[in-house]
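Have the picture open as you read.

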Amino acid sequence: MKLVIINYGSGNLHSVHKAFEAVNNNLENPYEIIVTNTPSEILNADKLVLPGVGAFQDCKNAIHKIDGLFESLEQVVIGEKKAFMGICVGMQLLAEKSLEFGECEGFGWIPGEVIKIEAPVDYKIPHMGWNEVTFRNHELLNNISQNTDFYFVHSYYFRTQKNENCIATTKYPNPITAAVLKENIYGTQFHPEKSHNNGKQIITNFLLWEPS
Amino acid sequence: MLKKRIIPCLDVDRGRVVKGVNFVDLVDAGDPVEQAKIYNSEGADELCFLDITASSDDRETLFEVVKKTAENCFIPLTVGGGVRTIDDISRLLHHGADKVSINTAAVENIDLVAKAAKKYGSSTLVIAVDAKKNGDKSWNIFTHGGRKSTDIDALEYCIEVANLGAGEILLTSMDRDGTKIGFDNELLSTVSSSIDIPVIASGGVGNLEHFVEGVLKGGASALLAASIFHFGEYSIKDVKTYLAEQNIAVRI
């Protein structure tokens with residue numbers, strides 16, 4: 001089984017790769033982890049991870065700059081319904097559009113838009129640090145307690161059009177989407193790769209997940 | 001609720017951890033990777049490496065240390081010291097740093113702040129500011145590891161870099177650094193109340209009450225300390241337990 005981590009120059013690629021490797025090494029049936037941007041390798045993936053930090057538009061442009069990358073992703077995730085996980089901006093890209101630095105289209109895989117966090121003036125932006133997450137029961141959140149802290153760094157968030165696609169939230173002080181899910185497509189706003197043992201559990205859950 | 005972060009800082013000189021007392025009198029306090037592992041397991045919220053020698057010959061050592069640390073620690077790692085170019089930032093990120101802290105280079109070339117924020121995102125960009133009091137509610141910034149003074153007003157500078165896309169400010173009081181008499185909370189609150197981005201308090205922490213004051217009086221989003229942790233005076237857990245007792249939200 002192959003797990004592909006998409007390499008399009010994202011700053012957190014190394015951290016994501018290292019964390020997935022550390023978790024994967026403890027699995028009974030570990031994946032072959034491949035870090036790549038080659039469409040032919042992406043087409044052979046059984047699971048995919050899309051990291052992302054920085055501005056929405058820059059990440060999107062970087063993906064589209066690589067010939068055939070987006071098309072191969074679409075083929076595997078939408079066409080073949082392979083399990084997909086986006087992290088931070090990698091999750092925000094699933095939206096229809098983002099309003100960061102002007103309007104920019106996303107993948108449009110999950111209905112909704114990425115908008116600026118609205119918080120009272122005494123709340124610092126970016127929303128940076130460890131914050132509590134509450135969630136709907138799902139195997140992707142197995143062995144995680146309600147109100148567990150995860151590490152966030154972001155100024156924009158994914159407001160899903162449908163409540164059913166938002167499976168976890170945090171508060172700052174208004175509710176902010178912490179994880180999205182639609183069929184085989186999953187994403188976290190927080191950084192599991194930086195969230196210590198609970199982050200490793202999130203990665204374990206994704207590696208064990210078999211979307212129906 | 002968003003937690004106040006406790007960040008142990010490892011001052012690294014040629015691949016070894018040292019502590020700073022008013023930026024001189026360096027004392028060896030161990031191997032950075034081993035220390036990082038301990039802090040990671042003790043519940044540190046982030047880690048910070050500051051490469052204080054930063055002579056270009058010895059830079060490769062740092063990359064190795066960063067790489068090994070990133071392989072062992074699954075909490076955010078900030079690395080600074082001698083970061084001068086977009087290429088430096090890129091190399092550190094690719095060796096496993098999550099954020100890069102820039103000090104002197106940002107003062108000398110303010111465009112670097114906007115460029116770095118645009119390329120890697122504000123979330124990866126920490127601007128480190130060394131400030132020294134020069135009058136009533138007035139501080140100047142210093143560069144080159146605190147060795148060179150400037151005429152630049154610390155508050156104005158922090159506002160400017162925040163506007164240019166810095167993700168947070170690591171604000172060190174030169175007056176307090178190594179003194180163990182507490183953070184310069186006046187400096188912290190002056191800056192923190194004037195900018196939207198988080199401020200990390202640094203310089204002067206000597207006991208548990210100082211951490212509390214950094215939050216309540218200084219308005220800091222995160223608290224950084226070096227020697228108090230390295231020599232085992234207090235553990236991360238001691239600090240967090242104490243903060244929690246004072247009703248300050250921390251990740252336990």
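Q: How do you know at what angle helix 3 and helix 5 of chain B pack?
A: For helix 3 (residues 86–94) and helix 5 (residues 111–120) of chain B that gives about 40°, with the axes 10 Å apart. By the way, this is a predicted model, where local features need pLDDT of at least 70, side-chain atom pairs count only at pLDDT 80 or more, and totals for chains, interfaces and linings use all residues. Residues are numbered from 1 along each chain as its sequence is written, and side-chain values use heavy atoms, with hydrogens and water left out.

Q: Which residues of helix 3 of chain B meet helix 5 of chain B?
A: With contact meaning heavy atoms within 4.5 Å, B:Ile86, B:Ile89, B:Ser90 and B:Leu93 meet residues of helix 5 of chain B, including B:Leu112 and B:Tyr120. The residues of this contact split into 6 nonpolar, 1 polar and 2 charged.

Q: What makes A:Lys194 and B:Asp98 a salt bridge?
A: The rule wants a side-chain nitrogen of Lys or Arg within 4 Å of a carboxyl oxygen of Asp or Glu. The closest N and O atoms of A:Lys194 and B:Asp98 are 2.8 Å apart, so the pair passes. Across the interface of chain A and chain B, the rule finds 5 salt bridges.

Q: Why do strand 3 and strand 4 of chain A count as paired?
A: Pairing takes at least two bridges found by DSSP. Strand 3 (residues 47–50) and strand 4 (residues 83–87) of chain A run parallel and are joined by 4 bridges, so they count as a pair.

How values were computed:
Chains are lettered from A and ligands numbered from 1 in the order in which they are written. Axes are lines fitted to C-alpha atoms, for helices over the stretch in contact, and angles run from 0 to 180 degrees between N-to-C directions. Helices (H or I, at least four residues) and strands (E, at least two) are DSSP runs, numbered from the N terminus. Ala, Val, Leu, Ile, Met, Phe, Trp, Tyr, Cys and Pro count as nonpolar, Asp, Glu, Lys and Arg as charged, and the others, Gly among them, as polar.
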